[in-house]
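Welcome! Please take a look at the structure below, with its charged side chains in mind.

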Amino acid sequence: MKFLLLLSAIGLCWAQYNPNVQQGRTAMVHLFEWRWVDIAKECERYLAPKGFAGVQVSPPNENIVVNSPFRPWWERYQPISYKICTRSGNEDEFRDMVKRCNNVGVRIYVDAVINHMCGSGGGSGTSSTCGSYYNAKNRDFPAVPYSGWDFNDGKCKSHDGGINNYGNAEEVRNCNLVGLLDLALEKDYVRTKIADYMNHLIGIGVAGFRLDAAKHMWPGDIKAVLNKLNNLNTQWFPAGSRPFIYQEVIDLGGEAISSSEYFGNGRVTEFKFGAKLGTVIRKWNGEKMSYLKNWGEGWGMMPSDKALVFVDNHDNQRGHGAGGASILTFWDARLYKMAVGFMLAHPYGFTRVMSSYRWDRNFQNGKDVNDWIGPPNNNGATKEVTINPDTTCGNGWVCEHRWRQIRNMVAFRNVVDGQVFTNWWDNGSNQVAFGRGNRGFIVFNNDDWSLSTTLQTGLPAGTYCDVISGDKVDGGCTGIRISVGNDGRAHFSISNSAEDPFIAIHAESKL
């Protein structure tokens, strides 16, 4: 009996690392600031048919309304209550989205803002997405309700109540992050209110949560909240399934708080991944793609089974939150597609693809002063995501996940899932190739000269469609064809001036 209890405890302990995806789906997409009605449509018309595993959605709870109609993206990270009511839609629309996405096997992961409420300078009144009254100065949020007892003002020892020293773990976790009112998560009342909110979402059918600003909460406090969470809704998930948890911890090294402190609660965002990969693809600091042979743990990253990885996210594509100039984004489309292609081909971590919107960048002294701009809107009302005849998005939405090269690499990852990393080749510079067992092979040319070489792919003999330059359609290829011989070898030619200087083939792209 003791052994069974131990096994059951171990099972629960490991459950929160499991993204609860349908068999054969391996990558999620962050549909940043999309409306619930548009996500529901996208699950049915595109994400499910193309093999996407799930969607990270923007925070669904009531938030402060800032500077209407010029509303910044970051207002979503300033909660007023836990009512499901934002510019993305109301609770009925949220429920409809979760149901429709689950019904086609696409999971929903909620960005949960549980570290804090709105900023201390957020004023008072009913300027919130549901019209709930609040008074930030008095720590009064009656729609939850929270009062002055529920915040960390008394525990914070910094001179101004804010975080000034990231070398001091207590300050990072007990003081106000950029003025946001820090909740007292050691109090059972606060933990229960947060768990009630998350359980409400679990009841609706969400599959898991991104924990925003996890670094600013004590790991034990997070664990206490997670222990109060229900199992997932059995309408879509096996009995006993636990919510997938991934925690936002920015750890580039050299600070008082490390990612590993959070492994006991679930996966953790690996910010080194995008920062280092961007440096390599940009060829900065003497970095070369040939150095990527031991990518992952060999580069000082966390264990693969604990990592949630991404090339860019909604923060660092704007230069915030472990941004750094090396981060690749849709603004650098050619290099970006290579970086996302590498991420999706490589077995390290659980992958998240970014899907963005455009804004008018305005650099002053090296900083984009327009980095605050919210989603495409009409007088503050978020615009519909329209789809153009060529399947790209309109109305200011970028939709990187619909770019052929990225969508086809999501499929590549699904096809090679569980296969070993094999047949590495490099030229000592920026031409590299590797395989995934006998299911897939990818070749990159990031040098300033052409690549022309014959490589061992590990794939069965036959003719394959390159899924970067085109698609396999009606028994033919709309892009490059690659012939693999009986010995598993194939010849690859990639010009350094090619629009997409990489080629990928896999078992399901074979003619």
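This short report walks through some of the salt bridges in the model.

## Overview

Please keep in mind that the model is predicted. The structure holds 26 salt bridges. Side chains of opposite charge can pair when their charged atoms come close.

Let's begin with Arg210 and Glu248, whose side chains meet in a salt bridge with an N to O distance of 3.2 Å. This pair links distant parts of the chain, 38 residues apart. Arg210 sits in strand 11 (residues 208–211), while Glu248 belongs to the loop between strand 12 (244–247) and strand 13 (267–269). With a relative accessible area of 2%, Arg210 is buried; Glu248 is buried as well, at 8%.

Next come Lys337 and Asp500, which form a salt bridge at 3.1 Å, N to O. Lys337 lies in helix 8 (residues 333–345) and Asp500 in the loop between strand 28 (489–494) and strand 29 (502–506), so their pairing ties together parts that are 163 residues apart in sequence. Both Lys337 and Asp500 are buried.

## A network

Salt bridges can also be followed through a group of residues: Glu33, Arg71, Glu75, Arg76 and Arg87 are linked in a network of them.

Terms used:
Residues numbered from 1 in each chain as written. Predicted model: local features only at pLDDT ≥ 70, side-chain atom pairs only at ≥ 80, totals over all residues. Heavy atoms only, no water. Salt bridge = Lys/Arg side-chain N within 4 Å of Asp/Glu carboxyl O. Helix = DSSP H or I, 4+ residues; strand = E, 2+ residues; numbered from the N terminus. Buried < 20%, exposed > 50% of the residue type's maximum accessible area, 1.4 Å probe, protein only.
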